[in-house]
Amino acid sequence: MFGTRRWTLLAALLTLVSVILASCGAPADTGTTGNTGTTGSPAASTAAATNASPSAAASTAATTSASPSAAAGTTAGSAAAGAGKLEIFSWWTNGGEADGLNAMFEVYKQQNPGVDIVNATVAGGAGTNAKAVLQTRLAGGQPPDSWQVHAGRETLSYVDNLEPLTQFFKEQGFDKVMPQLLLDQLQINGEIYTVPVNIHRSNMLWYNPKVFQDNNLQPPKTMEEFFTAADALKAKNITPLAVGGKDGFEAAHLFESVLLATLGPEDYTKLWTGDATAWADPRVAQAIETMSRMLSYANEDRSAIGWSDAAQRVLDGKAGMTIMGDWAEGYFLSKGAKVNTDFGYAAAPGTDGVFMWLSDSFGLAKGAPHAEAARAWLAVAGSKEGQDAFNPKKGSIPARTDADKSLYDEYLQWSMEQFASNTLAPSATHGAATTNAFQQTWSNSLEVFSSNLDVEELIATLEDAIGDLSQ
Amino acid sequence: MSTTALRPVRRRPRIWLYAIMIVFAGFYLLPIFLLLITSFKSFEEVSLSRMWDLPRGLHFQSFTRAWEAMGSSFINSLQLVIPATIISCILGSLNGYVLAKWKFRGSDLIFTAILFGMFIPYQSVLIPLVRVLSGMGLYGSINGLILVHVVYGIPITTLIFRNYYASVPTELVEAGKIDGADFFGIYRHIMFPLSIPGFVVVAIWQFTSIWNEFLFGLIITSAPEKRPVTVALQNLSGSQFTQWNVQMAGALLVALPTLLVYIFLGRYFLRGLLAGSLKG
Amino acid sequence: MSHANIREFAPSDVARRRRWLTRDRLIALLMLMPSVVAIAVFVYGFIAWTGYISLTAWSGIAPDYTFVGLENYRTIFRSVRFQTDIRNTVVFTLFFLLSNLILGLVLALLVDARVKGEAIFRSIYLFPMAVSFIVTGVAWSWIFTPGNFPSDPTGINLLLDRLGLDALQSAWITDKRVLPEFRPSWARTKLGVPMAMLPVVVAATWQMSGFTMAMYLAGLRGIPEDLREAARVDGASEWQVFRRITLPMLQPVTLSAVIILGHISLKIFDLIMTMTGGGPGNATDVPGVFVYDITFNANKIAQGAAAAIVMLVMVAVLIVPYIVYNARTEVER
């Protein structure tokens, strides 16, 4: 009696062990296939990179032929086109941005009936979690078909995992409807890798019109005017400048506007080329001093509040101004505030005439499981229809200059005019001008500066990070 | 109890005792109070400077909105937590049994090696983890997540059960052997019935930690329809700003199952601890 | 012990028993195998992988296995941020352990006084353990956000304001002070206790002290009452009974608690991310956050791996004495 029970148990046990051994044995082989996959893709990418200069067409050919898995993926994708799947990865989980994304999906579904869209969104940690998921998926050989990335230099971080799209831009005619300066700033090693779906503006000042009226103030156009206004507000016991820090990027966000104001668009843009001499410019130190002075007019508890809390203080009249990207407008509207009565806007002091842009964009994964469906998606993301569906809801302007203005609110219409007429400068904090590696040090070191105002430490940390601009 | 009879019953210290206990209770309930009042507010009402104000009306929208966004993830979490907890318990108790009562040369070393696994920083293993799971075909699935939680639960469950079984007199095991009981016989008839309180402790511990775990859930399940509830909770917040009323309503909903477990099984948890599972 | 038993049986029995025993031994080993294999792969395999990566130049999404020796360790140890993180994790662990053990013991003694309604208080103290660190972090970050005090306080400062206790208002999680601040020549960061860390310790203690209480409660109820009674009969005061009998008897509980709390403390991540995000500056940043940030935000995989290995070494420093002690008491048993 004992015996039979024992043997059945033993048998069950052995199967359990063998299952686990088998499954643990598997990683060994898959580890090697994973390795060949990953070692294969850099090879493909170098092939693409070397062939890139002669002609874009040749380089795409090189990539597809060099990486058989990608080719297989493409054929599988086209075979399944019409009744396939499409996985889109983004950090747009909620509110206007999620509504906008869904509106763009609707456009896609009309044009591509039968494709099942997997909306893989990851929120939290101010985009950090999304980056973590993306990184592990790419390293694990499980890329989504298309993922969100800040357009511009940040794309360099993913260049080995993305298909070049320069040719695609020509086919779709995107190169004719997007500003030339933007197209130039999108290029990585002579290729465009992602399709920008929107444009946000970084160098924006938001102020409380009632507070300003009560104190006979005008939104400051220059740094001097800013400090005059700040003194007036401080005398009235109103926080002149609300600054956040909880989301990790607020101090860096403020500083890039200060840098732009101090250096002007041309020299500002040069900082991000990785050229150390640009950083030796004495005006960089001057900008840090200005930043330090501005922070003396800011709330002391900035590390504990997010940018939206800072915006809320402006709305409540507890603070006079805040410098934040134009997603702040979306926040004000969501709180039921009215433009020009509850909140006002202007270019950040000293930066009028320059549009510091940042943009969300989508690329095509190398070896995308559903490459054809993904190309169709990118066509929608770059189209007038797609962008006009997305942007009014998201609270940003289209990257195309031919959008239907009537769909947008007052601020966004103003912003569209500015985008078309101003000089463009890329945002460093939001990836238009910098790689992931640099952004991380940049944000963290400015958050530290916001706390300890140690000029030397900031300069030393940034000097160490210049090398990160090119990797 | 006999001692209280011996000692003179002092009235005043009792009152002080209650006072101190109530002050502590206030400390423990404060954050929950904050969650509750915030979750009943409308988004316009939510603000740091008015955070202690009671809501103007009872807005249940936050809860319905949170539930709409997270409801299906609740099922996922249950599908994850229940099997993972059961497997963890079985595996932990077998390990503990072997390491406490079937010692062999090097068994203490193995125990130490298993224990050390408790300390691995999860942030650093995510990349190889995704590779291994993809290789096993488990990446992106709830089964993959179960496997990961079971594996990383082995150290703590083994520790608890081993300490528990160490307190069971070896004579009992020897007696079982003399009676002709084998490995499983002793386990089934002696160890298992004795270790029910230990199972309760381990089950509660694993249930809460797996239910509340975020990082693995985030990384391993990519498709929205397979996400555990903690990830869904994070996704309630946008990348740009968070509707705190909805977020906190969601937090309360997420905490509900584990809270219920503690409220109703807390007694057994204590009893299990008392029975020796964590006494060292 | 088994040998002692074997001698009592007849030779034929011995042979049978030995075979029996070996078969059972085999089963025992087999039962252990799945766990051993899993731990070998998922813990030691991954540690080996991490250790290997920490010696390479992998920075960026695509792997780069160029060997660079200890370069990454040099880089992180030289950085102000990682030095700050080490300081912070030591401070946090010390305060977290102390406050939990003390509060846990106090609560256990209170609950053990067998007052009416004990079960309710016990549940209240224990329930935070059921809540995830993410939720804890959000709630406590609200509570410890100071606002523009004294004129426009928020969180706990607002409560203090309403209670007329303005004097107790503080900058809490935005406090930039490091006390006592000193800076040896080899350090790039200020040494001392970052004041902003204390509210984080409060939040973490809120979460885990109930569990510590439960452990102590179990310990207390395991102490035979007659032992204490005998001491009382001998004329010992309640305090002496506590000092001489209760506390020593609770030592094994304390040790287990230190290990369980220690592993939570050294790996703390979710709570910091949601409560302070590491700020102000890096005053509450810890290695766990550093590893995540540097690996996934900066894509500096190799540096992140190096930091993870440093974390593991720190853990080993904590746990090895425990294991040695455990082994020693085992022998005594």
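Predicted model: local features only at pLDDT ≥ 70, side-chain atom pairs only at ≥ 80, totals over all residues.
The interface of chain C and chain B brings 101 residues of chain C into contact with 96 residues of chain B. The area buried between chain C and chain B is about 9,400 Å², and carbon and sulfur atoms account for 77% of that area. Within the area that chain C buries against chain B, C:F42, C:F46 and C:W142 supply 8%, which is more than any other three residues contribute. Polar interactions were also counted across this boundary: 16 residue pairs, both members at pLDDT 80 or more, are in polar contact between chain C and chain B, and one salt bridge is found by the rule applied. That salt bridge joins C:R162 to B:D53, with the closest N and O atoms 3.2 Å apart. On the side of chain C that touches chain B, helix α2 (residues 11-53) of chain C gives the most, with 21 residues, and the composition of this side by class is 70 nonpolar, 15 polar and 16 charged residues.

At the interface of chain B and chain A, 35 residues of chain B are in contact with 45 residues of chain A. Chain B and chain A bury about 3,400 Å² between them, with 58% of this area on carbon and sulfur atoms. The elements that give two or more residues to the side of chain B that touches chain A are α5 (126-136), α8 (183-194) and α10 (215-220) of chain B, and the largest share, eight residues, comes from α5(B). By class, this side of chain B divides into 17 nonpolar, 12 polar and six charged residues.

Two or more lining residues are given by each of α6 (142-166), α9 (196-212) and α10 of chain B, together with α6 (133-143), α8 (197-222) and α11 (251-266) of chain C. The element that gives the most to this lining is α9(B), with six residues, and the lining as a whole comprises 19 nonpolar, 10 polar and three charged residues.

Notes
Residues numbered from 1 in each chain as written. Chains lettered and ligands numbered in written order. Heavy atoms only, no water. Contact = heavy atoms within 4.5 Å. Buried area = accessible area lost by both parts, 1.4 Å probe. Helix = DSSP H or I, 4+ residues; strand = E, 2+ residues; numbered from the N terminus. Nonpolar A, V, L, I, M, F, W, Y, C, P; charged D, E, K, R; others polar. Salt bridge = Lys/Arg side-chain N within 4 Å of Asp/Glu carboxyl O. Polar contact = N/O pair within 3.5 Å; in protein donor to acceptor, adjacent residues only side chain to side chain.
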